[in-house]
Amino acid sequence: LFGLLPALAPRLNAGYSVLHGSRATASRGKQFLRAALVVAQVAVSFLLLIGAGLMIRSFLKLGAENPGFDPSHLLAMRIDAGFSRYMDNASQRSLRETIARKVGAIGGVASVGWISNPPFAPSGIIAGPDSQDFEIEGQPTSKGAPLPTVVATVADTNYFQTVRQPLVRGRYFTPRDDEKAPIVALINETMARHRWPNEDPIGKRISFDRQHWITIEGVVGDTREYGLQHPTLDELYVPADQAGGASSLVVRTAIKPDALMQAVRAAVHDVDPLLAIDQVNTLERFEYDSLTPSRLMTILLGLFAGLAVLISASGIAAVMALAVSQRTHELGVRLALGARHGSIVGMVVRQGLVLALCGTLIGVAIAASLARLLSTLLYATSPTDAPTYLAVAVVFLAVAAVACYIPARQVTGIDPLNALRQE
């Protein structure tokens with residue numbers, strides 16, 4: 001459509017063009033239309049570049065987020081024991097202990113733990129946290145009011161030390177927390193702040209059914225188990241020996257965990273060849289994969305923005321090259337009257353930068369009003385983040401300056417004597 005505009009425009013007077021040759025320049029209306037198109041192109045390109053800048057800044061902040069534990073040198077795998085053969089807690093506990101002992105004997109293995117769903121596991125990322133209603137002893141809920149919810153996770157006595165999830169207060173689980181002992185649990189810091197903001201939660205009790213009460217014995221640090229971009233929810237950990245259901249093995253290694261993947265598999269199958277193993281990977285890889293949607297969006301926006309900037313720079317360069325060619329006679333006269341090549345080049349560059357600056361200012365105004373559409377994709381980044389806007393504007397104007405300078409150098413090839421002879 002835009003390519004057809006020159007063909008649809010009023011035709012130049014052929015006789016006038018032949019008579020005046022290079023002095024025939026575009027009318028003011030055409031010059032204005034050409035400049036307006038360049039300004040619009042710059043504004044749209046700047047808008048895309050702002051979106052890419054915000055996404056890059058957001059992604060960098062997301063990648064630097066602390067997951068709450070040490071994911072390095074950790075290997076995880078889900079093990080399906082089969083309910084028909086390991087139905088009761090005693091047989092499941094024996095299986096976990098046997099596997100942990102067998103895997104722990106492998107050279108290069110530092111520690112072994114069990115968890116119902118390891119951090120950043122694909123199944124957990126897809127399904128999301130499963131929250132359950134509970135009641136706090138001594139804090140009855142008003143009639144009609146919703147009950148508080150918590151994400152319940154099953155972990156064994158070695159899990160927290162294996163992933164290096166810090167203990168804030170109280171104690172970790174011990175082998176004494178078995179099915180014969182009173183039911184205990186650990187909570188994260190977020191739950192402690194939400195439910196007991198001005199109290200020590202140690203010794204408090206909660207219940208999921210108002211019949212079995214769980215005593216809180218410790219508080220552990222917050223983690224981002226379901227993705228770095230998601231806020232930490234209230235989480236409660238119960239011992240595997242009391243609740244069962246810890247079906248994922250987490251192994252900390254002293255060497256690269258990939259090197260021990262096959263050895264750990266073999267050790268598990270030595271215990272029971274019929275055990276099904278899946279979701280085998282390092283926690284660092286799980287964490288990397290959990291950021292795939294944000295990473296993909298950032299890359300796509302960056303590619304589109306880069307192409308838009310390239311097209312805008314080409315448009316500016318083409319317009320300035322055309323302007324220089326149409327003003328060859330004028331510029332030659334200026335040179336003949338004593339103007340320096342540098343000053344002429346600077347004048348041409350400034351004229352091109354005026355277009356780029358106008359487009360940039362319009363782009364800033366549009367971006368400020370539309371960038372909030374990206375707010376759901378951003379992490380800890382304002383859609384009107386001033387440093388990002390400033391950095392993008394500086395980069396864009398620098399590219400525009402280069403795009404203006406290249407055609408402006410044509411001025412150095414103008415012969416002032418030819419301009420005077422024509423005059």
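1. Basis. The model is predicted, so local features are reported at pLDDT of at least 70 and side-chain atom pairs at pLDDT 80 or more, while totals for chains, interfaces and linings use all residues. Residues are numbered from 1 along each chain as its sequence is written, and side-chain values use heavy atoms, with hydrogens and water left out.

2. Helices α3 and α11. The axes of α3 and α11 come within 8 Å and cross at roughly 155°. Axes here are lines fitted to C-alpha atoms, for helices over the stretch in contact, and angles between N-to-C directions run from 0 to 180 degrees. The two helices are therefore roughly antiparallel (under 35 degrees is roughly parallel, over 145 roughly antiparallel, 65 to 115 roughly perpendicular, the rest oblique). The crossing of α3 over α11 is left-handed, a term for a near helix turned anticlockwise from the far one by less than a right angle, with clockwise giving right-handed. Helices (H or I, at least four residues) and strands (E, at least two) are DSSP runs numbered from the N terminus.

3. Nonpolar patch. Val44, Leu48, Leu296, Ile299, Leu300, Leu303, Phe304, Leu307 and Leu310 make a nonpolar surface patch of about 840 Å². Two or more residues each come from α3 (28-63) and α11 (292-326), and the largest share, 7 residues, belongs to α11. Patch members have over 30% relative accessible area and no salt bridge; nonpolar side chains (Val, Leu, Ile, Met, Phe, Trp, Tyr) are joined within 5 Å and like charges within 9 Å. Areas come from the Shrake-Rupley method with a 1.4 Å probe, and for residues only the protein chains shown count as cover. Leu300, in helix α11, is partly exposed at a relative accessible area of 38% (buried is under 20%, exposed over 50%, partly exposed in between, with a 1.4 Å probe and protein chains only).

4. Helices α4 and α9. Helix α4 (residues 89-104) packs on helix α9 (residues 261-271) at about 140°, and their axes are 9 Å apart. That angle makes α4 oblique to α9. The crossing of α4 past α9 is right-handed.

5. Positive phi. Two residues other than glycine may deserve a look. His73 has a phi near 60°; His73 sits in the loop between α3 and β1 (74-80) and is partly exposed, with a relative accessible area of 31%. Phe120 has a positive phi of about 65° and lies in the loop between β2 (109-115) and α5 (122-127). Phe120 is buried, with a relative accessible area of 1%.

6. Ala152 belongs to strand β5 (residues 149-155) and is partly exposed at 28% relative accessibility.

7. Salt bridge Arg78–Asp278. The model has 16 salt bridges, each defined by a side-chain nitrogen of Lys or Arg within 4 Å of a carboxyl oxygen of Asp or Glu. In one of them Arg78 meets Asp278 at 2.6 Å, N to O. The pair links distant parts of the chain, with Arg78 in strand β1 and Asp278 in strand β12 (residues 276-282), 200 residues apart. Arg78 is partly exposed at 30% relative accessibility, and Asp278 is partly exposed at 31%.

8. Salt bridge Asp222–Arg193. The closest N and O atoms of Asp222 and Arg193 are 3.4 Å apart, which forms a salt bridge. Asp222 lies in the loop between β9 (213-220) and β10 (235-239), and Arg193 in helix α7 (residues 189-195), 29 residues apart. Asp222 counts as buried at 19% relative accessibility, whereas Arg193 is partly exposed at 49%.

9. Arg285 pairs with Asp289 in a salt bridge whose closest N and O atoms are 3.3 Å apart. Because the two residues are 4 residues apart in helix α10 (residues 283-290), about one helical turn separates Arg285 from Asp289. Arg285 is partly exposed at 41% relative accessibility, and Asp289 is partly exposed at 33%.
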